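Please keep the 3D view open as you read.

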Amino acid sequence: MTRVLVVDDEPAIVRALVINLKARSYEVDAAHDGAGALKLAAARQPDVVVLDLGLPDMDGVEVIRGLRGWTRVPILVLSARHASDEKVQALDAGADDYVTKPFGMDELLARLRAAVRRAEPAGGEDDVIVETGDFTVDLAAKKVNRDGRDVRLTPTEWHLLEVLVRNTGRLVAQKQLLQEVWGPSYGTETNYLRVYMAQLRRKLEADPSHPRHFITEPGMGYRFEK
């Protein structure tokens, strides 16, 4: 069973999420502040985290950073904050998706399922290894190695990298990337791509400001080059 950690200080929202998730056979843990969330995540090892940014003891972005220090678990941010810069800040810290309050339960559950699905290992006998001068991508093991060390990627970073690597040398349109990585209801959220491409470049490019492998085709999409 998929285990979900719900982090929100509004009892009504926590109660609604717990009821709806349990009705769909999820196991659910709940925390009402950031410190409790970090402790529960370490103790219970959830498969996905639903996190409110407005917590009483710390900002939700700090919780994201705390989780990203040791886990790649998908993080779905749930927040009343509508400003795009706050969304980008949460995504840049390592969140995988962002749902604005008030929200529809069906949409939230669909995004949660998509986040869990992206984090699951793909089946099949794929053993493709792609080598560049700076790093190696093992598609079967879902690992990236740079300078002899594994590079920690979030599930969304990995999924974006995987789509680009499987299309080496070919332009992948922005809309295609958004729909393959975030789901069919996406297509115009190009700020997501900018945030995650910047993260991949920081982690994998020798000179992120002059990328050799993750190429932007302005207004069109992105291309991966070995």
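F224 is buried, with a relative accessible area of 0%; buried here means under 20% relative accessible area, computed with a 1.4 Å probe on protein chains only. F135 is buried as well, at 2%. This is a predicted model, in which local features need pLDDT of at least 70 and side-chain atom pairs count only at pLDDT 80 or more, while totals for chains, interfaces and linings use all residues. Residues are numbered from 1 along each chain as its sequence is written, and side-chain values use heavy atoms, with hydrogens and water left out.

**Aromatic rings**

The structure holds five aromatic pairs, where rings of Phe, Tyr and Trp (its six-membered ring) pair if their centres lie within 6.5 Å. One of them joins F135 and F224: the ring centres are 6.4 Å apart and the planes stand at 50°, so the pair is tilted, the class left between stacked (under 30 degrees) and edge-to-face (over 60). F135 sits in the loop between strand 6 (129–131) and strand 7 (136–138), and F224 in strand 12 (residues 221–224), so the pair ties together parts that are 89 residues apart in sequence. Helices (H or I, at least four residues) and strands (E, at least two) are DSSP runs, numbered from the N terminus. Ring pairs also bring in F214, linking F135, F214 and F224 into a cluster.

Two bridges join strand 10 to strand 12, and A173 has G221 as its bridge partner in strand 12.

**Helices**

Angles run from 0 to 180 degrees between N-to-C directions, and axes are lines fitted to C-alpha atoms, for helices over the stretch in contact (heavy atoms within 4.5 Å).

| Elements | Angle |
|---|---|
| Helix 7 (residues 174–181) and helix 8 (residues 190–204) | roughly 80° |

The axes of helix 7 and helix 8 come within 10 Å, and their crossing makes the two roughly perpendicular (65 to 115 degrees). Where they meet, Q174, L177 and L178 of helix 7 face T190, Y192 and L193 of helix 8.

Key
Buried < 20%, exposed > 50% of the residue type's maximum accessible area, 1.4 Å probe, protein only. Parallel < 35°, antiparallel > 145°, perpendicular 65-115°, else oblique. Pairing = 2+ DSSP bridges.
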